[in-house]
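Please keep the sequence and the model in view while reading.

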Amino acid sequence: MKNIVKYLIAFVSIVTVSCTDSVMDREAVEVDVAPELVTPKSDFVAVLDKTKANDLITTFVWNYSAYKGTSTVVNYSIEFAKAGTNFASPVVVATSLVKFKAFTVGELNTAALDAGFPPFVQSSIDVRVKSTVGTTGGIPQNSNSFTIKLTPFPAWPNWGIIGSATPTGWDSDTNLDYDLATKTYSITMNMVVGAFKFRLDDAWSTNFGSVSATGGALVAGGADIPISVAGRYKITADFNARTYTITRL
């Protein structure tokens with residue numbers, strides 16, 4: 001029995017030493033070569049068109065990064081940041097295990113909106129690629145960056161107002177701003193004596209008027225909403241509840 005115990009102690013000692021040696025001999029992973037972003041470059045300018053959401057618009061391409069030490073999985077993240085902020089608050093918009101990521105118009109639009117860039121406005125966006133190793137995202141290496149210009153479209157219905165009381169008359173719509181928190185649309189603008197209506201996607205197929213000039217229920221295809229006194233107004237509409245408010249400021 002004593003011999004068996006001796007053999008077990010010896011075996012455990014050998015295994016412990018072997019494992020310790022294995023850990024001691026293992027190379028640490030260290031940075032070596034950062035990824036290099038190749039395209040898109042700073043000459044990339046796009047006005048994103050929601051009617052072409054499924055079309056390929058660009059492919060982010062970069063050279064692989066390199067790490068010294070034990071082989072491990074390398075992950076790549078594409079980051080967007082407001083131009084000139086030195087990536088103080090970057091937003092990861094896509095990930096990849098290979099050295100490219102293709103974007104459709106819709107995907108690039110979602111990336112821009114998720115990074116906080118507003119629709120209908122051309123934004124200058126710094127883009128780069130970050131590589132990390134392992135499942136915990138350790139040992140980051142950042143690529144060079146380029147500054148692209150994107151004009152996203154809203155990923156929510158595009159409502160606007162049109163009419164003789166608005167700056168562009170009955171010729172074109174003035175787009176409303178969407179509030180994700182309240183699910184309402186609003187605008188603050190100067191208006192003249194006249195009238196206006198709400199309509200969807202710059203078309204008359206879906207439009208709302210009202211029986212009231214002071215706020216209340218919205219009526220599909222309803223009467224023009226009158227403005228009897230010129231001035232600066234805030235208009236807010238809830239198209240789910242089909243109500244609106246209008247306040248002269």
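Asp201 and Lys50 form a salt bridge, with their closest N and O atoms 2.9 Å apart; the term denotes a side-chain nitrogen of Lys or Arg within 4 Å of a carboxyl oxygen of Asp or Glu. Because Asp201 lies in the loop between β16 (194-200) and β17 (207-209), and Lys50 in the loop between β3 (45-47) and β4 (56-63), the pair ties together parts that are 151 residues apart in sequence. Helices (H or I, at least four residues) and strands (E, at least two) are DSSP runs, numbered from the N terminus. Asp201 is partly exposed at 37% relative accessibility, and Lys50 is partly exposed at 39%. Here buried means under 20% relative accessible area, exposed means over 50%, and partly exposed lies in between (1.4 Å probe, protein chains only).

The model is a predicted one, in which local features need pLDDT of at least 70, side-chain atom pairs count only at pLDDT 80 or more, and totals for chains, interfaces and linings use all residues. Residues are numbered from 1 along each chain as its sequence is written, and side-chain values use heavy atoms, with hydrogens and water left out.

The structure holds 5 salt bridges. In another of them, Glu79 meets Arg128, the closest N and O atoms being 2.7 Å apart. This pair links distant parts of the chain, as Glu79 belongs to strand β6 and Arg128 to strand β9, 49 residues apart. Glu79 counts as buried at 3% relative accessibility, and Arg128 is buried with a relative accessible area of 11%. A further salt bridge joins the side chains of Glu107 and Lys101 (3.9 Å, N to O). Salt bridges that share partners also join Glu79, Arg128 and Lys130 into one network.

Strand β9 also contains Ser131, which is buried with a relative accessible area of 0%. What does the side chain of Ser131 make a polar contact with? Its partner is the side chain of Ser65, at 3.2 Å. A polar contact is a pair of N or O atoms within 3.5 Å; within protein, one must be able to donate a hydrogen and the other to accept it, and residues adjacent in sequence count only if both atoms are side-chain atoms. Not counting residues up to four places away in sequence, Ser131 touches several residues, including Pro35, Tyr67, Val74 and Ile139; contact means heavy atoms within 4.5 Å.

Two loop residues may be considered next. Thr166 sits between β12 (159-162) and β13 (174-175) and counts as buried at 5% relative accessibility. The side chain of Thr166 reaches the backbone oxygen of Gly163 at 2.7 Å. Phe120 is found in the loop between α2 (105-114) and β9 (123-133) and is partly exposed, with a relative accessible area of 42%. Phe120 and Asn175 are 55 residues apart in sequence and 8.9 Å apart in space, C-alpha to C-alpha.

Finally, the chain as a whole may be described. The protein chain has 2 helices and 22 strands, and 37% of its 249 residues count as buried. Among contacts between residues at least 6 apart in sequence, 66% join residues at least 24 apart. The average pLDDT, the predictor's confidence in each residue from 0 to 100, is 88 for the protein chain, and 88% of the residues score at least 70. Over residues 4-27, pLDDT stays under 50, and the model has 3 contacts beyond four places in sequence for them.
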